[in-house]
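Biologist: I would like to learn how to read pockets, cavities and helix packing in a model. Please take the general idea first each time, then the case at hand.

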Amino acid sequence: MHRVGFTTTIPLEIVLAAGMTPVDLNNVFITSPHATRMIEEAEVDGFPRSICGWIKGIYAAVVECGIHELIAVTEGDCSNTRALMEVLSLKGVETIPFAYPHDRDPAGLRFEIEKLMRRFGVGWDAVKLSRERLGRIRRKVKEIDRLTWDENRVSGQENHYFQVCTSDMNSDPDRFEAEVDAFLEKARQREPFRQRLRLAYIGVPPIMTDLYPFVETLDARVVFNETQRQFAMPFDTPDLVEQYRAYTYPYDIFHRLSDILMELERRKVDAVIHYVQSFCFRQIEDMIVRQKLPLPVLTLEGDKPGPLDARTRIRIEGFLEMLA
């Protein structure tokens, strides 16, 4: 099937309704055994070192996977996406812009959604059927999330994996749903985890590969993955427009914080890890996060994919020892 890549979560329902295969290029990049090499290749091609690793990884993933059509989110995500589109167009990639209105205006969001529908030649009936199909899978992933914080039967890494995969359903919704079903059956039969400290992880998904298992060796566990949960669309909304208005990631930090604060209380979280990506404008938001959250906050910064470095491990250890 024809593959359509994208730079961050877009209305997946439209791509599937058009009979195409969705590819979240972030997932292709970070799960590649050659992720570090991909960044180096992007830098060889001319990308500056002082550009976010995710942008370079997406660029390399497009080239490596032979993606010829790309939906690029030009508002509500990375500020470097426009330049990425221009570079990829030189390589013959057709780029399709999609923008989340900063003010969450429903009319503006509907305009963007319908423009994307026209681009792929699908109508509302087909999109609604696609939404129903995806809704069934998302409800199952929501149950995985509940088993994480309510029954303590799912690890932070597992929670991260299944929620982040909902951005493109691993490019195969049927196969992904079967994987979710098998995991749910196994997880429900587990003994609950017993870690003492309950943590929240907020910010973009980590570029480090071993954060969650390392934390769990220190008598702590992540019971809330903020952005990953947003990818899974855990909302009860009447239609597609409201669904993507409720989705917090592309909007301002205060809209995100309202959701974060509610989940911190509901999940009885003890402290927060705030991840910021090097060279990303979202680093500035850490100032607001620290003022608005009523819990201890550890800010971690990552640059390139790979295991935690010694300094970051020491900082995590010290933070968790202080909490204990």
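Biologist: Which residues lie nearest the centre of the largest pocket, and how many residues line it?

Modeller: The general idea comes first. Rolling a probe the size of a water molecule over the atoms shows where empty space is left. On a 1 Å grid over the protein atoms alone, a pocket is an open set of points with protein on both sides within 12 Å along at least five of seven lines, whereas a cavity is a set where a 1.4 Å probe fits but cannot get out; lining residues have an atom within 4 Å of a point. Here the largest pocket is lined by 39 residues, and Asn26, Asn27, Ile30, Trp54 and Pro205 are the ones nearest its centre. The elements giving two or more residues to this lining are β2 (21-24), α2 (25-30), α4 (53-65), α8 and α10 (211-216). Helices (H or I, at least four residues) and strands (E, at least two) are DSSP runs, numbered from the N terminus.

Biologist: What should I know about the model and the numbering before going on?

Modeller: This is a predicted model, in which local features need pLDDT of at least 70 and side-chain atom pairs count only at pLDDT 80 or more, while totals for chains, interfaces and linings use all residues. Residues are numbered from 1 along each chain as its sequence is written, and side-chain values use heavy atoms, with hydrogens and water left out.

Biologist: What volume does the largest pocket have, and how do its lining residues divide by class?

Modeller: A volume is the space filled by probe spheres set on the grid points, which are joined across faces, edges and corners. For the largest pocket this gives about 710 Å³. Its lining has 22 nonpolar, 13 polar and 4 charged residues. Ala, Val, Leu, Ile, Met, Phe, Trp, Tyr, Cys and Pro count as nonpolar, Asp, Glu, Lys and Arg as charged, and the others, Gly among them, as polar.

Biologist: Which element gives the most to the lining of the second largest pocket?

Modeller: Helix α7 does, with 6 residues. The second largest pocket has a volume of about 270 Å³, and of the 13 residues that line it, Gly135, Arg139, Met233, Phe235 and Asp236 are the closest to its centre. The classes in that lining are 4 nonpolar, 3 polar and 6 charged.

Biologist: How many cavities of 30 Å³ or more are there?

Modeller: The count is 2 cavities of 30 Å³ or more. The largest cavity has a volume of about 80 Å³. Strand β7 (residues 271-277) gives the most to its lining, with 4 residues; the lining residues include Gly203, Tyr249, Arg256, Cys280 and Glu285. By class, this lining has 5 nonpolar, 4 polar and 3 charged residues. The second largest cavity has a volume of about 30 Å³, and its lining includes Thr9, Arg138, Phe231 and Met233. That lining divides into 5 nonpolar, 3 polar and 1 charged.

Biologist: At what angle do α7 and α8 pack?

Modeller: Axes are lines fitted to C-alpha atoms, for helices over the stretch in contact, and angles run from 0 to 180 degrees between N-to-C directions. Helix α7 (residues 124-149) and helix α8 (residues 156-164) pack at about 165 degrees, with their axes 10 Å apart. That makes α7 roughly antiparallel to α8. Angles under 35 degrees count as roughly parallel, over 145 as roughly antiparallel, 65 to 115 as roughly perpendicular and the rest as oblique. Contact means heavy atoms within 4.5 Å, and here Val141, Ile144, Asp145 and Thr148 in α7 meet Asn159, Phe162 and Gln163 in α8.

Biologist: How do the axes of α7 and α9 cross?

Modeller: The axes of α7 and helix α9 (residues 173-187) come within 10 Å and cross at roughly 30 degrees. The two helices, α7 and α9, are therefore roughly parallel to each other. Their contact has 10 nonpolar, no polar and 7 charged residues.

Biologist: What about α3 and α4?

Modeller: The axes of helix α3 (residues 35-44) and α4 come within 8 Å and cross at roughly 90 degrees, so α3 and α4 are roughly perpendicular to each other.
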